[in-house]
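Work through the following exercises with the sequence and the model open beside you. Try each task before you read its solution.

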Amino acid sequence: MAITPLPQQRRAIEAPMGPVLVVAGPGAGKTFSLIARIQHVIAAGIDPRRICAVTFTNRAAEEIADRLKEANADSVTRGTIHALCLGLLREYPEAAGLKRGFGVADEQYQDVEAGDFI
């Protein structure tokens, strides 16, 4: 079933080539607009491997991955801002002043009270 984009969504989908920032509340169609934008850019001749789709939540990132797979565009780089940045830090740790194999504080580590370290 094809969904007709709202005028604001269409502006994001059909914006000139280049980065597009979409800021909207929950349920406003951000993921829909992002997927439609990617499909629009690919239809214009851009190689999917040159596209990076960034979102904030894991849920949206998973939905984007699923929809891109359905659209035969799963070679698009995509993920949460956190995962993509961590990937860059892992690939180029020295550029950020880190050592290879650095650690990230997970939730369990963050929940430890300060007194537990003494």
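The model is a predicted one, in which local features need a pLDDT of at least 70 and side-chain atom pairs count only at pLDDT 80 or more, whereas totals for chains, interfaces and linings use all residues. Residues are numbered from 1 along each chain as its sequence is written, and side-chain values use heavy atoms, with hydrogens and water left out.

**Exercise 1. The whole chain**

Task: State which secondary structure elements the protein chain has and in what order they run, and compare its radius of gyration with that of a compact globule of 118 residues.

Solution. Begin with the elements, where helices (H or I, at least four residues) and strands (E, at least two) are DSSP runs, numbered from the N terminus. The protein chain has five helices and two strands, and from the N terminus on they follow the order α-α-β-α-β-α-α.

Next, take the radius of gyration, which is calculated over C-alpha atoms, while the globule rule is 2.2 Å times the number of residues to the power 0.38. A compact globule of 118 residues would come out near 13 Å, but the protein chain has 18 Å. The box that its C-alpha atoms fill, taken along the principal axes, is roughly 60 × 30 × 25 Å.

Finally, ask how much of the chain is covered, using buried for under 20% relative accessible area, exposed for over 50% and partly exposed for what lies in between (1.4 Å probe, protein chains only). Of the 118 residues, 23% count as buried.

**Exercise 2. Helix α3**

Task: Find which residues of α3 are buried, and explain where they lie around the helix axis.

Solution. First check the length of the helix: α3 has 13 residues and reaches 18 Å from its first C-alpha to its last, which is close to the 18 Å expected at 1.5 Å a residue, the expected span being 1.5 Å times one less than the number of residues.

Then list the buried residues, which in α3 are Ala-60, Ala-61, Ile-64, Ala-65 and Leu-68. They lie on the same side of α3 because they cover an arc of only 140° around the axis, where the arc is that of the directions from the helix axis to the C-beta atoms. An α-helix has 3.6 residues a turn, so residues three or four places apart point the same way.

Now turn to the other side of α3, where Asn-58, Arg-59, Glu-62, Asp-66, Lys-69 and Glu-70 are exposed. The buried residues, by contrast, pack against α2, β1 (52–55) and β2 (77–80), with contact meaning heavy atoms within 4.5 Å.

Leaving out residues up to four places away in sequence, Ala-61 touches Thr-55, Gly-79 and Thr-80. After the helix comes Asn-72, whose phi is positive, near 55°.

**Exercise 3. Val-41**

Task: Decide whether Val-41 is buried or exposed, and name the residues that it touches.

Solution. Locate the residue first: Val-41 is found in helix α2 (residues 30–43). Val-41 is buried because its relative accessible area is 9%. Not counting residues up to four places away in sequence, Val-41 touches Met-17, Ile-46 and Ile-51. The C-alpha atoms of Val-41 and Ile-51, which are 10 residues apart along the chain, are separated by 8.7 Å.
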